[in-house]
Amino acid sequence: PQEPDAGLLRAWGLEGKFVCSYIGTLGMAHGLEVVIEAAKILRQKGRSDVRFCLVGEGAARQALEKETIRSNLNDAILFTGQQPKEKIPAILASSHACLIHLKNCPLFETVVPSKIFETMAMGRPMIMGVRGPARQIVMEAGAGVDMQPGSAESLVQAVESLADDPQRAGRMGQAARERVIQDFDR
């Protein structure tokens with residue numbers, strides 16, 4: 001774990017925001033349209049304190065960016081593009097929570113995204129939009145909050161629960177760190 005990177009937060013316009021990051025492939029299987037819909041709901045609720053940060057490249061990026069612009073959500077969703085591996089720890093450290101999400105599909109209930117272990121090691125709570133053993137690992141550790149894959153309302157509820165209770169989010173991050181050290185050391 002490390003402190004948030006003030007320079008990165010300043011450069012990306014994230015200072016003073018609750019940052020929920022998705023770090024990885026922006027692909028068809030990831031169902032990240034849910035982020036756009038959640039940002040719309042948060043805007044309707046008058047929440048300007050939450051910023052989604054989508055870090056990576058993939059087949060869905062262009063369509064996601066176009067919809068973000070069309071919906072006038074540039075101030076709510078940041079696309080960073082692919083970042084060098086050595087920058088990922090600073091991005092994780094600068095995130096208040098990390099979104100782990102795959103489309104609601106039985107096939108995806110069998111996968112365990114490796115990013116959960118990186119996120120846990122950095123002591124960051126997760127918003128789990130994946131079913132199966134991945135969800136079980138995170139929930140049993142007390143390392144995050146559950147969301148229904150593909151549900152914008154569920155994502156909003158999860159984000160707000162962490163943004164509105166930083167102490168709870170901190171406890172989840174600490175639990176994540178402890179669990180990965182205890183059970184998932186390489």
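The legends below describe several views of one predicted protein model.

Residues are numbered from 1 along each chain as its sequence is written. The model is predicted, so local features need pLDDT of at least 70 and side-chain atom pairs count only at pLDDT 80 or more, while totals for chains, interfaces and linings use all residues, and side-chain values use heavy atoms, with hydrogens and water left out.

**View 1. The whole protein and its order of elements.** The protein has 8 helices and 6 strands; helices (H or I, at least four residues) and strands (E, at least two) are DSSP runs, numbered from the N terminus. Starting at the N terminus, the elements follow the order α-β-α-β-α-β-α-β-α-β-α-β-α-α. The radius of gyration is 15 Å, close to the 16 Å that the globule rule gives for 186 residues, so the protein is as compact as a globular protein of that length. This radius is taken over C-alpha atoms, and the globule rule is 2.2 Å times the number of residues to the power 0.38. Along the principal axes, the C-alpha atoms fill a box of roughly 45 × 40 × 30 Å.

**View 2. The open sheet.** The 6 strands are arranged in the order β3-β2-β1-β4-β5-β6, with parallel pairing. Two strands pair if DSSP finds at least two bridges between them. The edges are held by β3 (77-81) and β6 (144-146), each with a single partner strand, so one side of each has no neighbour in the sheet. From one strand to the next, the twist averages 25 degrees.

**View 3. The β5 and β6 end of the sheet, with helix α7.** Strand β5 (residues 126-129) runs parallel to β6 and is joined to it by 3 bridges. Met-126 stands opposite Gly-144 in β6. Helix α7 (residues 152-163) lies across β1 (18-23), β2 (50-55), β4 (97-101), β5 and β6, at about 155 degrees to β6. Axes are lines fitted to C-alpha atoms, for helices over the stretch in contact, and angles run from 0 to 180 degrees between N-to-C directions.

**View 4. Helix α2 against helix α3.** The axes of α2 (residues 33-44) and α3 (residues 61-70) come within 10 Å and cross at roughly 15 degrees. That angle makes α2 roughly parallel to α3; angles under 35 degrees count as roughly parallel, over 145 as roughly antiparallel, 65 to 115 as roughly perpendicular and the rest as oblique. Glu-33, Ile-36 and Lys-40 in α2 meet Leu-64, Glu-67, Thr-68 and Arg-70 in α3, where contact means heavy atoms within 4.5 Å. By class, this contact has 2 nonpolar, 1 polar and 4 charged residues. Ala, Val, Leu, Ile, Met, Phe, Trp, Tyr, Cys and Pro count as nonpolar, Asp, Glu, Lys and Arg as charged, and the others, Gly among them, as polar.

**View 5. Helix α2 against helix α7.** The two axes come within 8 Å and cross at roughly 65 degrees. On the α2 side, Val-34, Val-35, Glu-37, Ala-38, Ile-41 and Leu-42 meet Ala-152, Glu-153, Leu-155, Val-156 and Glu-160 in α7. The contact comprises 8 nonpolar, no polar and 3 charged residues.

**View 6. Helix α7 against helix α8.** The axes of α7 and α8 (residues 166-183) come within 6 Å and cross at roughly 100 degrees. The two helices are therefore roughly perpendicular to each other. Ser-161, Leu-162 and Ala-163 in α7 meet Pro-166, Arg-168, Ala-169 and Met-172 in α8.
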